[in-house]
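Please find below a briefing on the structure shown, arranged by topic for computational work.

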Amino acid sequence: MTETQDLPPLLDLPILATKKPLLVSTYTQTEPKKDCEDSLKELERLLETLGIPEGLKEACPMRQFNAATYLGSGKIEELAELAHKNGCDLIVIDDELPPAQQRNLEKLFHLPVVDRTEIILEVFAQHAKSREAKLQIEVAQIRYELPRLKRLWTHLSRQRGGGVNQKGEGEQQLELDKRILRKKLEGLQKELEEVQLYRNTQRRARERSGIATFAIVGYTNSGKSTLLKALTEADVLIEDKLFATLDTTTRKYRLPNHQDILLIDTVGFIKKLPHTLVAAFRSTLQEAMSADILLHLMDASSPFVEKQAEATLSVLKELGAENKPMITLFNKADLVEDPLILTRLKLTFPKSVIISALKKEGFDLLIEYMEQELSARRRPLHLNIPQKDYHIVAEIERRGLILTKEFENDSILIKAELPHDLAQKLLPFQIKAEEIS
Ligand SMILES: Nc1nc2c(ncn2[C@@H]2O[C@H](COP(=O)(O)OP(=O)(O)OP(=O)(O)O)[C@@H](O)[C@H]2O)c(=O)[nH]1
Ligand SMILES: [Mg+2]
């Protein structure tokens, strides 16, 4: 294997697809067992996305934190027996395990142990389409893998090393593997920087254009891409799958008041989103976070909607976007049978709208809120623009909201609401209050 070659995925999926997993999640005395069971269901969906067959699910009370083995020895024995009895040959832990814990667990279970992070990384790797997304996920995977090279069950991991003839044993092999991976990481990061430089140039150009941007953010599978498509006819991938979208798509949208805005659809969030991923996807995520206003989309039909909202808000916080103006959208209302659920959600989240992105319902109020948000960010001005400067009128039309426009002699008299920077720039054309008849 040469060092410039693309690495195969972290996990060997054809092997994993033949395994029967035992999914293990833990809860403490202060946490409800139900949250743990919900989390197991989500983990099962992630495994399903990878084609790993259905297995057993175990919600385990965690009485004491065990630094060496994550679970207590009694619990491990119990689970090992359960796995043996039911023919399970893979343990999946619903948490991110430090490398030593993972190794120790593999020794005690005599079975391969994978953690939630590894599964999420793999789902990302499977769905990455653009060069940037592929680079980002590879960086995240190598960062995850480097401290874990000593894993017992290497047959589940990618085969590393310098080809058959160079393969050494033990420590020597480990050192070689690490060197190759580090070098690979360096190369990938360099390439990623170049791709991101181009993206940043694009973003700055957009920011300079001054068009207001709305980013659609939310839990994975909440319907973000469906909403972008419903509003703009954008040709984006919509799938009943976790993490269908890994790239950012931006589309122009004209509001009914004729103002143009940009709508951004991006990667979704999940509970316990691995930090390696947040770090690797920071640039993609920041593009969305640089938006003026966030549209936080939730799947109101999910029994986990509140937990999902919590997870989304916590990632937004990690990205420093928690104070952005936000409109909350309860999506998939067409699937909600109990109207009380929507009433409860509306009480919890102010400035929220009930919609169905699929059926294009609830959009009137959504658009009204979007226009209101923009209006709150603008300043009213009364302007007198010479006809020879008509390009300024074009800029006002593009970025602001024209309330009245009259032609008088060689001037155009305009009443408009303008974004603050444009209002500042056009102050020389302002008609002072005493001049207004
Ligand atoms: N019934 C119903 N289904 C919806 C609605 N909005 C989205 N969906 C479905 O939900 C699934 C996920 O939709 P996407 O738009 O791909 O969700 P997303 O948030 O972009 O998901 P990721 O990109 O994976 O994070 C698809 O099967 C959609 O058809 C809705 O309002 N009602
Ligand atoms: Mg999507």
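**Briefing on the predicted model**

The axes of helix H5 (residues 116–127) and helix H6 (residues 131–145) come within 10 Å and cross at roughly 155 degrees. H5 is therefore roughly antiparallel to H6. The model is predicted: local features require pLDDT of at least 70 and side-chain atom pairs count only at pLDDT 80 or more, while totals for chains, interfaces and linings use all residues. Residues are numbered from 1 along each chain as its sequence is written, and chains are lettered from A and ligands numbered from 1 in the order in which they are written.

**Terms for helices and angles**

- Helices (H or I, at least four residues) and strands (E, at least two) are DSSP runs, numbered from the N terminus.
- Axes are lines fitted to C-alpha atoms, for helices over the stretch in contact, and angles run from 0 to 180 degrees between N-to-C directions.
- Angles under 35 degrees count as roughly parallel, over 145 as roughly antiparallel, 65 to 115 as roughly perpendicular and the rest as oblique.

**Helix pairs**

- The crossing of H5 and H6 is left-handed (the near helix is turned anticlockwise from the far one by less than a right angle; clockwise would be right-handed).
- On the H5 side, the contact is made by Thr117, Glu118, Leu121, Phe124 and Ala125, and on the H6 side by Ile137, Ala140, Gln141 and Tyr144; residues are in contact if their C-beta atoms, placed from the backbone, lie within 7 Å.
- The contact of H5 with H6 has 6 nonpolar, 2 polar and 1 charged residues (Ala, Val, Leu, Ile, Met, Phe, Trp, Tyr, Cys and Pro count as nonpolar, Asp, Glu, Lys and Arg as charged, and the others, Gly among them, as polar).
- H5 also meets helix H2 (residues 33–49): their axes come within 9 Å and cross at roughly 40 degrees, and H2 and H5 are therefore oblique to each other.
- The crossing of H2 and H5 is left-handed.
- Leu43, Leu46, Leu47 and Thr49 of H2 meet Arg116, Ile119, Ile120 and Val123 of H5, a contact with 6 nonpolar, 1 polar and 1 charged residues.

**Sheet of six strands**

- An open sheet of 6 strands runs in the order S6-S7-S5-S8-S9-S10, with mixed pairing; two strands pair if DSSP finds at least two bridges between them.
- Strand S6 (249–254) and strand S10 (352–354) are the edge strands, each pairing on one side only.
- From one strand to the next, the twist of this sheet averages 25 degrees.
- Strand S5 (residues 212–218) and strand S7 (residues 260–265) pair in the parallel sense over 5 bridges, and Ala215 stands opposite Ile264 in S7.
- Helix H8 packs on the sheet and touches S5, S6, S7 and strand S8 (293–299); the direction of H8 makes about 155 degrees with that of S7.

**Surroundings of ligand 1**

- Ligand 1 is surrounded by 23 residues, the closest being Gly223, Asp240, Thr245, Gly268 and Leu358 (a residue is near a molecule or strand if its C-beta atom, placed from the backbone, lies within 6 Å of it).
- H8 (residues 224–232) gives the most to this shell, with 3 residues.
- The shell has 7 nonpolar, 10 polar and 6 charged residues.

**Sheet of three strands**

- A further open sheet has 3 strands in the order S11-S13-S12, with antiparallel pairing.
- Strand S11 (378–386) and strand S12 (401–408) stand at the edges with a single partner strand each, so one side of each has no neighbour in the sheet.
- The twist here averages 15 degrees from one strand to the next.
- S11 and strand S13 (residues 411–419) pair over 9 bridges in the antiparallel sense, and Ile412 in S13 is the bridge partner of Ile385.
- Helix H14 (residues 390–399) packs on this sheet, touching S11, S12 and S13, and its direction makes about 30 degrees with that of S13.
- S12 and S13 pair in the antiparallel sense over 7 bridges, with Lys405 opposite Ile414 in S13.
- The hairpin of S12 and S13 has 2 residues between the strands, and Asn409 there takes a positive phi near 50 degrees.

Terms used. Two residues are in contact if their C-beta atoms, placed from the backbone, lie within 7 Å.
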